[in-house]
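Colleague: I'm new to this one. Could you walk me through how to read it?

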Amino acid sequence: EKLLIHLSNFRPVKRVLDVVEIFDRLRQRVPATLVMIGDGPDRPAAEALCREKGIAPYVSFLGNMPALEAVMPAADLYVLPSNSESFGLSALEAQACGVPVLGYAVGGLPEVVVHGETGFLREVGDVSGLADDGASLILDSARYDVMSRASRERAIRLFNADEIVSRYLALYERVLAAA
């Protein structure tokens, strides 16, 4: 079985019901389980939707966890279909672990996830598209391996602390020189 993970504060902006819908559709094509990490106001509705769809045995709600770095590398896909993401730090963390991301093309997420290279991005509400993207990726192990490696390599290359700090320092130096 493949493992999908979602991590959030379960607020409406995170669209956790879309996570359940994506998983339900993907699971019809690929044996999989879903781990939902976090807690918040939409958790009861997500749990109810899992029961209604008959997929509750395949979905675990773990609540808040302190050691996400121990869980994320076990995932095959990270699902983040938010209405809005200022940057998408959790998507970057997933990619640093070699986990491709399924999400919506909103906010800063397209800066983190390259559609077709490190994950898949769709318009808000396109649960079928993301489910199809995820299932087809999981079913093609060679393509999955390429995307997993690309996810990790891009996260490390573009977002490592040394690179980011040197960019900030260069910007500060330019601003101070212009002053």
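Predicted model: local features only at pLDDT ≥ 70, side-chain atom pairs only at ≥ 80, totals over all residues.

Colleague: How do H1 and H2 lie relative to each other, roughly parallel or roughly antiparallel?

Modeller: Angles under 35 degrees count as roughly parallel and over 145 as roughly antiparallel. Here H1 (residues 16–27) packs on H2 (residues 43–53) at about 25°, with the axes 9 Å apart, so the two helices are roughly parallel.

Colleague: Which residues of H1 and H2 meet?

Modeller: Contact means heavy atoms within 4.5 Å. On the H1 side you'll find Val16, Leu17, Val20, Glu21 and Asp24, and they meet Ala45, Ala46, Leu49, Cys50 and Lys53 of H2. That contact splits into 7 nonpolar, no polar and 3 charged residues.

Colleague: Is Ser151 buried or exposed?

Modeller: Buried means under 20% relative accessible area, exposed over 50%, and partly exposed in between (1.4 Å probe, protein chains only). Ser151 has 0%, so Ser151 is buried. You'll find Ser151 in helix H6 (residues 141–159). Leaving out residues up to four places away in sequence, Ser151 touches Gln95, Val99, Pro100 and Thr118.

Colleague: And where is Arg11?

Modeller: Arg11 sits in the loop between strand E1 (2–8) and H1. At 39% relative accessible area, Arg11 is partly exposed. Not counting residues up to four places away in sequence, Arg11 touches Pro41 and Asp42.

Terms used
Residues numbered from 1 in each chain as written. Heavy atoms only, no water. Axes fitted to C-alpha atoms, helices over the stretch in contact; angles between N-to-C directions. Helix = DSSP H or I, 4+ residues; strand = E, 2+ residues; numbered from the N terminus. Parallel < 35°, antiparallel > 145°, perpendicular 65-115°, else oblique. Nonpolar A, V, L, I, M, F, W, Y, C, P; charged D, E, K, R; others polar.
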